[in-house]
Amino acid sequence: MRSVPVVIIALALVVVATAGAQEGEQRAGLVVQYDDGHVETACVRFTEPELTGVDLLERSGLPVITQSGGGGAAVCKIGPDGCDYPAENCFCERDGARSIYWAFYDLQGGAWAYSNLGAASTLVRDGTVHGWAWGLGDSGSGAVPPVLGIDAVCSAAAPTVAPAPTASPIPIAVPTRAPAPSSTSI
């Protein structure tokens with residue numbers, strides 16, 4: 001009879017430990033719109049209290065080239081679009097006086113907010129969604145990705161990225177493709 005309570009206690013401890021591990025897991029979303037209009041999303045799961053926007057992008061599994069500097073990091077290239085730093089300047093593409101670059105956004109209240117801080121200085125917490133769009137812009141605006149909330153990016157059907165090991169982050173992801181946004185106006 002004594003073995004039954006021990007089994008019940010052991011089972012209860014396993015359930016509590018599993019619930020605690022799941023509570024520590026967080027998720028953040030990424031929406032990336034390329035020059036040709038196609039969109040990829042990634043749901044990144046992590047266990048740290050917060051990441052930087054660059055960490056989120058690097059853990060997404062998308063090929064990324066950044067240029068680190070005293071004030072943070074500039075995103076030079078995501079996937080096929082951008083500049084091949086250090087072989088060329090991180091902001092190698094121009095249209096006259098304006099740059100063609102990766103504009104960075106944070107989803108706030110269901111709308112994109114352009115980020116002047118940059119991804120290296122922006123913190124990611126549970127439920128955060130960041131957006132990136134390649135296109136013409138300047139210091140306060142740029143191309144804008146479609147608005148997709150955390151539930152759309154991290155839906156049960158969407159692949160997710162496993163937490164990266166703390167010693168050396170290695171992305172494990174299969175980004176999804178969302179339909180290109182339509183150009184209808186309201």
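1. C83 and C92 form a disulfide, with the sulfur atoms 2.0 Å apart in this predicted model. The link is left-handed, with -90° about the S-S bond. C83 is buried at 0% relative accessibility, whereas C92 is partly exposed at 28%.

2. A search of the whole structure finds three disulfides. Counting bonded cysteines along the chain, the pattern is 1-6, 2-4, 3-5.

3. C76 is bonded to C90, S to S 2.0 Å, and this link is left-handed, at -110° about the S-S bond. The pair joins distant parts of the chain, 14 residues apart: C76 is in strand β5, and C90 is in the loop between β6 (81–82) and β7 (94–95). C76 is buried at 1% relative accessibility, and C90 is buried at 3%.

4. The disulfide of C43 and C154 has an S to S distance of 2.0 Å and is right-handed, with 100° about the S-S bond. It links strand β2, which holds C43, to the loop between α3 (150–153) and β12 (160–161), which holds C154, 111 residues apart. C43 is buried at 0%, as is C154 at 5%.

5. Strand β2 (residues 39–46) also contains E40. E40 is buried, with a relative accessible area of 12%, and its side chain makes a polar contact of 2.8 Å with that of Y34.

6. The largest pocket has a volume of about 410 Å³. Its lining comprises 23 residues, with A74, F91, Y101, W102 and G118 nearest the centre. β8 contributes the most to this lining, five residues. By class, the lining has 13 nonpolar, nine polar and one charged residues.

How values were computed:
Residues numbered from 1 in each chain as written. Predicted model: local features only at pLDDT ≥ 70, side-chain atom pairs only at ≥ 80, totals over all residues. Heavy atoms only, no water. Helix = DSSP H or I, 4+ residues; strand = E, 2+ residues; numbered from the N terminus. Buried < 20%, exposed > 50% of the residue type's maximum accessible area, 1.4 Å probe, protein only. Polar contact = N/O pair within 3.5 Å; in protein donor to acceptor, adjacent residues only side chain to side chain. 1 Å grid on protein atoms, 1.4 Å probe; cavity = no way out; pocket = protein on both sides within 12 Å on 5 of 7 lines; lining within 4 Å. Points joined across faces, edges and corners; volume = space filled by probe spheres on them. Nonpolar A, V, L, I, M, F, W, Y, C, P; charged D, E, K, R; others polar. Disulfide = S-S within 2.5 Å.
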